[in-house]
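Me: I have a two-chain model open and want a quick tour. Can we go through it in short steps?

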Amino acid sequence: MNGAQDLGGMHGFGPIDPEPDEPVFHGDWEKGVFALTLAVSFTGQWNIDMSRHARETLDPAEYLSSSYYQIWLAGLQKLLAQLDLATREEMASGTMTEAPVKVQRILSAKDVAKTLGRGGPTEREAGAEPKYPVGSAVRARNIHPPRHTRLPRYVRGHTGIIAGTHGVHVFPDTNAHGQGEQPQWLYSVRFAATELWGDDSPGTDDVYVDLWESYLDPA
Amino acid sequence: MSKSHDHHHHGEGSELPDIALRVKSLESLLIEKGYVDPEALDVLIETYETKVGPRNGAAVVARSWLDEEFRKQLIEDASAAAGSLGFTGRQGEHLVALENTPDTHNMVVCTLCSCYPWPVLGLPPVWYKSAPYRSRAVADPRGVLEEFGVNMPDETAVRVWDSTAEIRYMVIPMRPEGTQDWSEEDLAQLVTRDSMIGTGLALTPDQLEAAKTP
């Protein structure tokens, strides 16, 4: 979707302003949002693509005026409500009034290291050969799905070269919407900076973007 | 996205108690519902505050500077190479190492969210997740580098890697001059977080010395 999350190439946000000696968390509430987001995700009620979609569907004005952990908190509360794990009223009061739903699993303290270490690989077994060989020219499709996609606006309609393949990976556009993993070949596509941003860009420079096969057409 | 870390030292002052209360309420509710174990929350926080951070990535880079076999493995299969030092898992399942050379400088961004190689770099800094960096890194990487104090020569190609999928990238900075006889532990001190994102270079021995002097 063409939401506020798709930031590549926008102007006007000001300097980057890195914070010297930045702590991992700014205050206990950030710790809380981080740990709750991870712990609840381990219940298996949703996947990472659904989490990202919950965040990117925030009102653009809210998204752009929030810190990242504020965005995470809003996304977490949205998913909890959508999937009936908790009501908005319960979340506001902090008191349970509805019985909990049965979840697939609960992360225990002793399993944290093992669970984090295992992670959540998205590569799946390849059923077919990749359509595009390394070195071939492709064009990113000029599509504007109003749903979750990982095809950023700034490459749509532009021509690039297949720089490498990453194997077959879960397709976020379906996985975010309960339509299954539908894995596809994932490519590293090299776009010349001049192709994306015009002739004023240095001819030496490139942008590499990871794109699924169905985002691409032969060029 | 806030322009920077303004929730930290200016603005949003009146919002802080409110969000802290909202998070507390949510936490008690989710514990009461039995969805989360409070002890697991503490372990998660402790893990990313004390165990998983850029020191991990610095150890990977220092090893690659000293051990040619390890360097080759890192370029071939970074997940396996980092895993051999004990750095595996969430947000690093499919890790790729990008080697800087005199001809090529690599820089990593996630324009769509905040994708970052957690097992080797820890959790991302605020600026990496914020609109100024995410918007400009792909369109004006040399301008971004200048803002970080790095002037990239015209003849050096700049490659920006947008983490749009589950592949996570770490940059292997060039080994600084004057470090021939250095141990792996000492070399690791030259490897900053930003040098592994590609918004910085590894410290020179002089810069390290200056950083240590209060």
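Me: Start with chain A. What share of its 219 residues counts as buried?
Reply: In chain A, 52% of the 219 residues count as buried. Keep in mind that this is a predicted model.

Me: How many helices and strands in chain A?
Reply: Chain A has 8 helices and 6 strands.

Me: In what order do the elements of chain A run?
Reply: From the N terminus, the order is α-α-α-α-α-α-β-β-β-α-β-α-β-β.

Me: Contacts next. Take pairs in chain A at least 6 apart in sequence. What share joins residues at least 24 apart?
Reply: That share is 65% in chain A.

Me: Which domains does the assignment give for chain A?
Reply: Domain 1 covers 28-118 and domain 2 covers 123-218. Their C-alpha centres lie 29 Å apart.

Me: How many residues are in contact between the two domains of chain A?
Reply: 6 residues of domain 1 are in contact with 9 residues of domain 2.

Me: Let me click on A:Tyr68. Where is it, and is it buried or exposed?
Reply: A:Tyr68 lies in helix 4 of chain A, residues 68-82. A:Tyr68 has a relative accessible area of 6%, so it counts as buried.

Me: How far is the C-alpha of A:Tyr68 from that of A:Glu30?
Reply: The two C-alpha atoms are separated by 9.4 Å. Along the chain, A:Tyr68 and A:Glu30 are 38 residues apart.

Me: Backbone check. What is the phi of A:Asp17?
Reply: A:Asp17 has a positive phi of about 55 degrees, although it is not a glycine. A:Asp17 sits in the segment before helix 1 (28-41) of chain A. Its relative accessibility is 38%, so A:Asp17 counts as partly exposed.

Me: And the phi of A:Gln182?
Reply: Positive too, about 35 degrees, and A:Gln182 is not a glycine either. A:Gln182 is in the loop between helix 7 (172-175) and strand 4 (184-192) of chain A. With 44% relative accessibility, A:Gln182 counts as partly exposed.

Me: Over to chain B. How many helices and strands there?
Reply: Chain B has 13 helices and 4 strands. Of its 214 residues, 58% are buried. The C-alpha trace of chain B spans about 55 × 40 × 35 Å along its principal axes.

Me: How is chain B divided into domains?
Reply: Into domain 1 (10-49) and domain 2 (52-212). The C-alpha centres of these two domains of chain B lie 31 Å apart.

Me: I'm looking at helix 3 of chain B. What span should it have, and what does it have?
Reply: Helix 3 of chain B is residues 38-51, so its 14 residues at 1.5 Å a residue should span 20 Å. The end C-alpha atoms are 19 Å apart, which agrees.

Me: Which residues of helix 3 of chain B are buried?
Reply: B:Ala40, B:Leu41, B:Leu44, B:Ile45, B:Thr47 and B:Tyr48. They cover an arc of only 150 degrees around the axis, so they sit on the same side of helix 3 of chain B.

Me: Which ones are exposed on the other side of that helix?
Reply: On the other side of helix 3 of chain B, B:Glu39, B:Asp42, B:Thr50 and B:Lys51 are exposed.

Me: What does B:Asp37 do at the start of helix 3 of chain B?
Reply: A side-chain oxygen of B:Asp37 comes to within 2.9 Å of the backbone nitrogen of B:Glu39.

Me: Last one, B:Thr156. Where does it lie?
Reply: B:Thr156 lies in the loop between helix 10 (141-147) and strand 3 (157-162) of chain B. B:Thr156 is buried, at 5% relative accessible area.

Me: What is B:Thr156 in contact with, leaving aside neighbours within four places in sequence?
Reply: From chain A, A:Thr204 and A:Asp205. From chain B, B:Pro102, B:Asp103, B:Thr104, B:His105 and B:Arg142. A polar atom of the B:Thr156 side chain lies 3.3 Å from the backbone oxygen of B:Pro102.

Terms used: Residues are numbered from 1 along each chain as its sequence is written. Chains are lettered from A and ligands numbered from 1 in the order in which they are written. This is a predicted model: local features need pLDDT of at least 70, side-chain atom pairs count only at pLDDT 80 or more; totals for chains, interfaces and linings use all residues. Side-chain values use heavy atoms; hydrogens and water are left out. Helices (H or I, at least four residues) and strands (E, at least two) are DSSP runs, numbered from the N terminus. The expected span of a helix is 1.5 Å times one less than its number of residues. Buried means under 20% relative accessible area, exposed over 50%, partly exposed in between (1.4 Å probe, protein chains only). The arc is that of the directions from the helix axis to the C-beta atoms. A polar contact is a pair of N or O atoms within 3.5 Å; within protein, one must be able to donate a hydrogen and the other to accept it, and residues adjacent in sequence count only if both atoms are side-chain atoms. Domain bounds come from an automatic or database domain assignment. Contact means heavy atoms within 4.5 Å.
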